[in-house]
Amino acid sequence: MSFLARRLLLAPCVLLVVALATFAMVRLAKGGPFDAERELPAEVKAALAARLGWDRPLPEQFLRTLVGVADGSLPTLSPGQSVGAVLAPRAAVTATLGAVAFALVVVLGLGWAVLATRWSGSALDRALTHGTIACIALPSFVIGPVLAWLVGVRLGWLPPLGWGGAAHLVLPALTLAIVPAARLARLARAALAHEEHSDHVRTARAKGCGPWRVLLQHILRPALPPVVAYLGPLAAWLLTGSVAVELVFAVPGLGAEMVQAAINRDHNLVLALTLWFALAVVACNLLADLAVAALDPRVRLT
Amino acid sequence: MTRGGLGAGWLSLAALALIVALCAFAPWVAPEPDALRPWLGAQPPGTRSVAVPLVVRLAVGAPGPGGRRAVYEVDEGEERLYRCALRRGRLEIIGPDAQPVGELALPPTALIFGPGGCEGPAGPGVLRAGGAPPPWLHAAAPVRYVSIRDPGPLRSVVVEQDGAGRIARIVRDGQPLEALEIAGDRVRSLEIDGRARTTLHLLGTDPLGRDLWARTLYGGRLSLSVGVVATLVALVIGSLYGAIAGWRGGRTDALMVAGIDVLDAIPFLFVVILLMTVADRSLLLFFAALGCVQWLTTARIVRAQVLALAGREFILAARALGLPTWRIVLRHLLPNCLGPLLVFAALTVPAVIVEESFLSFIGLGVQHEGRPLDSWGALIQQGLQALGSDGSRSWLLLAPASMLAVALFALHDLAERARQRLDPRAAGGGR
């Protein structure tokens with residue numbers, strides 16, 4: 001089986017497994033959204049179940065859920081609000097935050113690695129080796145609150161929470177980007193160092209190629225596949241990692257909604273979010289695989 | 001490895017050992033983590049407070065506070081109760097004389113009382129009737145009482161005990177009493193045998209007056225134990241799965257690897273969040289759920305090692321001797337996978353700690369009998385909530401955050417060093 005066919009086959013399998021697993025968990029669980037408060041009359045429960053579609057046979061429920069998630073018409077606990085209506089404005093917020101953070105990661109991480117390779121062994125290079133470990137160890141829900149407190153409240157330079165103008169973007173995006181940027185810098189530095197001593201680079205240097213040209217054309221290009229392979233899961237990580245960041249900075253995005261829906265036991269909403277996130281993760285991984293295959297012909301043969 | 005690098009390694013090891021030891025011996029090095037002192041409120045690190053419980057109950061013949069002779073200084077100042085209620089979304093204040101009050105200035109010592117008793121300090125500020133209600137007054141808590149105490153004369157209560165630690169005599173202002181109940185917030189000082197009895201709050205207290213040092217250590221117990229146990233779960237499941245796949249080979253192997261591929265592509269954090277919402281969040285579930293997220297990489301590592309080892313002579317010899325498969329796998333294959341497995345385990349522990357703390361942070365942490373347990377993530381979240389608008393209560397956030405950061409950094413650093421020792425090629429670009 002060819003590389004492309006295998007990858008394309010895997011993606012729907014993953015989605016099906018996620019859909020089945022999440023659906024089974026939600027339906028088999030004892031607790032429902034109406035259990036914590038006082039007992040509801042039977043007819044009220046029946047009406048709610050009918051509105052949410054929980055009175056139908058399980059296979060039909062499953063198919064209806066899949067269709068409802070796909071076109072956004074699945075009802076949520078809030079009356080008159082479908083999954084699509086709740087999530088659409090929030091998806092835009094998370095996408096904006098994720099895109100800015102992604103750009104920050106690429107610029108900071110790759111930029112640092114390239115500069116450290118250009119001046120190999122310099123203070124910048126040593127800072128990369130030692131400084132990035134500290135960043136990698138810290139989770140976003142430690143960096144976020146401390147940044148919000150220090151920069152947002154004590155120094156008062158930027159708004160510590162909320163969503164609005166560009167100033168509101170800086171701290172959440174930075175919090176999201178620090179850890180993956182440090183990881184990317186280490187990864188890219190190792191890949192660049194590996195290529196730095198290969199034969200074609202020595203040949204290029206011997207023929208009188210300038211240092212920047214050698215770096216960007218002869219070292220960076222073959223070092224890209226591992227970097228791209230990392231960026232695919234990273235895009236997905238930015239979606240999942242944004243849960244804590246959105247909570248810390250009160251950003252009205254998908255992650256904050258996910259937690260709220262989970263605490264409210266709004267099962268339909270949680271199910272829809274999990275499936276959408278799974279789709280995003282699978283799509284990002286697939287895209288990264290295809291990009292790596294395009295960059296490095298050797299991958300296609302395995 | 002340079003000498004400086006080695007030194008830093010010892011530093012990480014020492015920091016980690018210190019944190020683990022402090023958390024393990026928390027009952028001996030920290031006060032009671034659940035002792036409420038709502039009248040104290042959030043106090044900065046280094047504060048001392050009178051070591052009394054919420055209510056001091058004294059009775060002749062009952063166990064006493066210790067020592068021979070204990071002296072309580074009790075403030076018997078007048079207490080005024082204000083009834084604060086939510087009326088059509090606006091605040092209504094009724095004074096102690098049943099008359100409406102237009103404005104109520106809250107001293108820092110003002111306490112909120114609900115149906116369940118004291119709910120903590122009301123916080124300094126001014127309440128205005130008809131204005132927006134304070135945060136502690138909402139639809140779920142529409143009526144609360146605020147108690148304001150004017151400092152009054154101090155009375156001393158002397159408690160004498162016999163040799164067996166039982167109370168022999170209670171004397172208040174020269175009057176002997178049979179039994180006495182004193183509210184903890186009224187006790188100004190406690191002297192036992194002439195020595196003041198206070199609790200030192202090394203990292204300060206939270207808004208309910210609980211000792212933050214104690215809470216941080218007990219939170220660390222939970223975070224660290226979830227990290228270690230879930231890692232063990234991951235190692236056991238992963239090594240068995242990987243060993244079977246690698247040993248059987250052929251179609252079984254292909255199928256099992258495809259299974260890992262499918263599971264690997266699932267955003268597990270979301271499935272775990274879903275799991276936390278539908279199941280009761282016991283400690284056992286956390287061990288299982290977080291272990292199940294991490295076993296995939298273990299399985300890959302073991303499978304690769306087993307595949308590489310399967311053709312070696314000593315395995316061939318073991319098979320030729322007719323050893324049963326389980327014995328070959330357990331005694332000959334798995335011990336040879338130990339090196340990479342240990343490095344992976346060292347990296348998994350901090351990863352699991354982060355996941356557990358993350359779940360606690362978003363409010364889906366471990367629960368015990370319906371009550372969330374303290375963990376570093378939960379403490380960071382509560383610290384962030386309680387920072388105050390000017391960020392002046394920073395210790396509530398910084399103490400648990402730095403404890404978690406140091407533990408994670410030390411674990412990462414040690415794992416990274418172990419990896420470089422075992423795999424010279426992975427030495428990060430030759431440095």
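1. Strands β15(B) and β16(B) form it with 2 residues between them, and B:D193 in the turn has a positive phi of about 50°. The two strands pair in the antiparallel sense over 2 bridges. In β16(B), B:R195 is the bridge partner of B:I192. This is a predicted model, and its local features need pLDDT of at least 70.

2. Strand β3 (residues 69-75) of chain B runs antiparallel to β15 (residues 187-192) of chain B, and 5 bridges join them. Within that pairing, B:V74 has B:V187 in β15(B) as its bridge partner. Strand β11 (residues 154-161) of chain B is likewise joined by 5 bridges to β12 (residues 167-172) of chain B, again antiparallel. Here the bridge partner of B:V159 is B:I170 in β12(B).

3. Helix α3 (residues 212-248) of chain B has 37 residues. From its first C-alpha to its last it reaches 53 Å, close to the 54 Å expected at 1.5 Å a residue. At its start, a side-chain oxygen of B:D211 comes to within 3.2 Å of the backbone nitrogen of B:W213. Just after the helix, B:G249 takes a positive phi of about 65°.

4. On the contact between the chains: 45 residues of chain A and 39 residues of chain B take part. Chain A and chain B bury about 3,700 Å² between them, and 82% of this is on carbon and sulfur atoms. A:M25, A:F141 and A:W149 supply 18% of the area that chain A buries against chain B, more than any other three residues.

5. Polar pairing across the contact is as follows. Between chain A and chain B the count is 1 salt bridge, and the count of residue pairs in polar contact, with both at pLDDT 80 or more, is 1. On the side of chain A that touches chain B, at least two residues each come from α1 (3-28), α5 (123-137), α6 (140-154), α7 (167-196), α9 (211-248), α10 (254-264) and α11 (267-295) of chain A. Helix α1(A) gives the most to that side, with 8 residues. By class, the side of chain A that touches chain B has 35 nonpolar, 5 polar and 5 charged residues.

6. The salt bridge is formed by the side chains of B:E416 and A:R186, at 3.3 Å from N to O. Over all chains the count comes to 20 salt bridges. B:E416 lies in helix α11 (residues 395-422) of chain B and A:R186 in helix α7 of chain A, so the pair joins two chains.

7. One loop residue in chain A deserves a separate entry. A:S198 is in the loop between α7 and α8 (199-206) of chain A. A polar atom of the A:S198 side chain lies 2.6 Å from the backbone oxygen of A:E195. The side chain of A:S198 also makes a polar contact with the side chain of A:H200, at 3.3 Å.

Key: Residues numbered from 1 in each chain as written. Chains lettered and ligands numbered in written order. Heavy atoms only, no water. Helix = DSSP H or I, 4+ residues; strand = E, 2+ residues; numbered from the N terminus. Expected span 1.5 Å × (residues − 1). Polar contact = N/O pair within 3.5 Å; in protein donor to acceptor, adjacent residues only side chain to side chain. Pairing = 2+ DSSP bridges. Contact = heavy atoms within 4.5 Å. Buried area = accessible area lost by both parts, 1.4 Å probe. Salt bridge = Lys/Arg side-chain N within 4 Å of Asp/Glu carboxyl O. Nonpolar A, V, L, I, M, F, W, Y, C, P; charged D, E, K, R; others polar.
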